[in-house]
Every structure is written in C-alpha cells, then in structure tokens.
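This report concerns the disulfides of a protein chain. Please look at the sequence and the structure before reading on.

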Amino acid sequence: MAPAKATPPEAPRDAGQPLPPPRPAELAPAPVSLPPPAPESGATVNDCPASLLAEGATLNKVTIGAQSDSRCAIADPVRIESLALRGGQRVDLPDRPTVDCAVAQTLAHFVDEALEPLVKGTFNASMVALETGPGFECRTRDHIAGAKLSEHANGLAIDIASITFAGGRVYHVGKLADEAERGFDHAVRAAACGYFHTALGPGADAFHASHWHLDLESRGRNGESKFCQ
C-alpha cells in the first residue's frame, strides 16, 4: 500500500491571507458603563450631620479650639439646637450642647423612640425642651483632680437635668415626688442603656443625684459593653 500523502500545514492567517471585513457598526457591542469601584474595606462616608438634618434636627457643625488639656477633642463636633419627634413636634435644647455627632444621633433616637413614649405614658404629656448643660467640657470625671478624663471631654457624653412638658410643667431629675416618678426615672435609665454604653442617675452616686448621665464610652473587648446604674 502506498503511504498516505502528508497534508501540508495550513499557512498562518498573517501569511498573505486576507483578514475578514470589519464588523458593521450596528453590530458592534455597545459600550458598558461600569459602576464606580466600591470603597476599600474600612472606608466610611461621614454623613452623620446630614442624616440628623434629614431626620428634622436643628444643628450646626462647629470647631473646637485648643484646650488646656490636649486630650480634649471631638472627632465630629456639632451643636444641637433641637430634635424632632415622629409626630412632628420639636424638642428644644436651650443649652445648645456641643457633642460628637454620634452622641447627637443616639440622643435623637433615644428621645424619639423611648423617652417621649415614657413621658406620655407616665405624665400624659409631651416634651417641649430638655435641659442638658453644655455637653463638651474639658475636664476629668466628676471634676476630681487626677481622675480619668471624662467622656464629656471628647464630646461622647450628654446629661439631662430636666424635662419641660407642653403646658409648662417641669420634671426635675432626682426630685422624685411620688411612686410614678420613681418608676419613670428607673424606666428612662433602663431604656437609655439600650442606646448608650453608660446610663447613670439618682442613686448611682452623689455626682449623678440630679441628672441622667449618658455616654458612648468604649467598653469591653468590642467597645459595646454597658454600665448602667
């Protein structure tokens, strides 16, 4: 039998063979717009003040000047003028406290979601104002020399000393007139512990006999541990 003839190798396309005609424009794939790349892990957008304004709060961005203790500083300082309730009412903060925006946002949610319902349930009234003090203070805890820096010194704490109701009645924290007010005081602090990391008030110690102290101090391994009295 005669050996099969070997098939000559196919010449490469670029060795003199014509290329196919270009694809008609109407068949060419349409350009695709790709979304912008996602932010790197850990990157965040600071929209806390914008979120609060959208929720109806009245506040201003502020700058904290140099303090006697260089550790006193606020990461995202705001001055709060009023907060909004879901029913459309406003709660004025006449002391115009300066705090970190994270505290302002936590306070806004606590006041709307927990404090206002407790006020209505206990006093059959609605809030119109909260006495808070200045918020930011460059000082040690309880003003004790040599003590740890207060959370007020980083804008991470807010106090509530009194609540003014529509009609003019004022509830003063610590002046517990009857069993209903004592129950209200305990219920407020229990609710506040669900929002803040620290909630102190009358009975905790002599320094908190006349106000509720609420803060976002980082506690425990994950920073979310609670201390409430």
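The sections below describe the disulfides in turn.

## Overview

The model is predicted. A search of the whole structure finds 3 disulfides. When the bonded cysteines are counted along the chain, the disulfides follow the pattern 1-3, 2-4, 5-6.

## Cys-48 and Cys-101

A disulfide joins Cys-48 to Cys-101, with an S to S distance of 2.1 Å. This link is left-handed, with -90° about the S-S bond.

Cys-48 counts as buried because its relative accessibility is 12%, and Cys-101 counts as buried at 1%.

## Cys-72 and Cys-138

The sulfur atoms of Cys-72 and Cys-138 are 2.0 Å apart and form a disulfide. The link is right-handed, with 75° about the S-S bond. Cys-72 is in the loop between strand E1 (58-61) and strand E2 (77-84), while Cys-138 is in the loop between strand E5 (127-131) and strand E6 (157-160); the pair links distant parts of the chain, 66 residues apart.

Cys-72 is buried, with a relative accessible area of 5%, whereas Cys-138 is partly exposed at 24% relative accessibility.

## Cys-193 and Cys-228

Cys-193 and Cys-228 form a disulfide with their sulfur atoms 1.7 Å apart. The torsion about the S-S bond is about 80°, so this disulfide is right-handed. Cys-193 is in the loop between helix H3 (179-192) and strand E9 (198-200), and Cys-228 is in strand E11 (residues 227-228), 35 residues apart.

Cys-193 counts as buried at 17% relative accessibility, whereas Cys-228 counts as partly exposed at 32%.

Key: Residues are numbered from 1 along each chain as its sequence is written. This is a predicted model: local features need pLDDT of at least 70, side-chain atom pairs count only at pLDDT 80 or more; totals for chains, interfaces and linings use all residues. Side-chain values use heavy atoms; hydrogens and water are left out. A disulfide is a pair of cysteine sulfur atoms within 2.5 Å. Buried means under 20% relative accessible area, exposed over 50%, partly exposed in between (1.4 Å probe, protein chains only). Helices (H or I, at least four residues) and strands (E, at least two) are DSSP runs, numbered from the N terminus.
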